[in-house]
Amino acid sequence: MPIEKNQVVLFHYSVSDEQGNAIEDSRSGEPNAYLHGHGGIVPGLEEALEGRNAGDSFSVTIPAEKAYGPRKADAVQRVPVKHLMGAKRWKPGMIAQVKTEQGPRHVVIAKVGLKFADVDTNHPMAGKTLTFNIDILEVRAADAEEIAHGHAHGPGGHH
Ligand code: ZN
């Protein structure tokens, strides 16, 4: 069945930037599951998946506005180094996780000193035109609970 609202889609993806640098590839791990039509993935990708079928493979290039949005210039913040999670030693360009009032988020290390680091809280893929290569593995109807929660359950989804 073609993908439409309230269907759960299981897919593998890889994503690269405009220079062709690979950023992420899910194929070495579990595929992702999302509930179509609920904003669970970036808007440009959700649009590109609409009407596709299980077994389809395609690639799509998405501008930043329909991916992770533009970079914000005022998004650099100073945080204690001990609040950075994910590594023991930090260098500029590394991605760390920090706890914020909005929950855990990924930041890019801009500068690091002994006690404090300047981190860029823009999404690491903000401001980038991204090319996704997608393999659709499975499309199924969502159950009532998934629709109520607004996300997919089971392997690759929530819970
Ligand atoms: Zn749920």
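Domain bounds here come from an automatic or database domain assignment. On that basis the chain is divided into domain 1 (7-68 + 126-149) and domain 2 (76-120), and the C-alpha centres of domain 1 and domain 2 lie 28 Å apart. The model is predicted, so local features need pLDDT of at least 70 and side-chain atom pairs count only at pLDDT 80 or more, while totals for chains, interfaces and linings use all residues. Residues are numbered from 1 along each chain as its sequence is written, and side-chain values use heavy atoms, with hydrogens and water left out.

Helices (H or I, at least four residues) and strands (E, at least two) are DSSP runs numbered from the N terminus. Contact means heavy atoms within 4.5 Å; apart from residues up to four places away in sequence, I134 touches F11, H12, Y13, R27, L45, L49, D56, S57 and F58.

A pair of aromatic rings is described by the distance of the centres and the angle of the planes. Rings of Phe, Tyr and Trp (its six-membered ring) pair if their centres lie within 6.5 Å; planes under 30 degrees apart count as stacked, over 60 as edge-to-face and the rest as tilted. The structure holds two aromatic pairs. F11 and Y13 form a tilted pair, with 6.0 Å centre to centre and 45° between the planes. F11 and Y34 form an edge-to-face pair, at 5.7 Å and 85°. Because F11 lies in strand 1 and Y34 in strand 3 (residues 32-35), the latter pair ties together parts that are 23 residues apart in sequence. F11, Y13 and Y34 form one aromatic cluster.

S14 is also placed in strand 1. At 15% relative accessibility, S14 counts as buried, a class defined as under 20% relative accessible area, with exposed over 50% and partly exposed in between (1.4 Å probe, protein chains only). The side chain of S14 makes a polar contact with the side chain of R27 at 3.3 Å.

Definitions and conventions:
A polar contact is a pair of N or O atoms within 3.5 Å; within protein, one must be able to donate a hydrogen and the other to accept it, and residues adjacent in sequence count only if both atoms are side-chain atoms.
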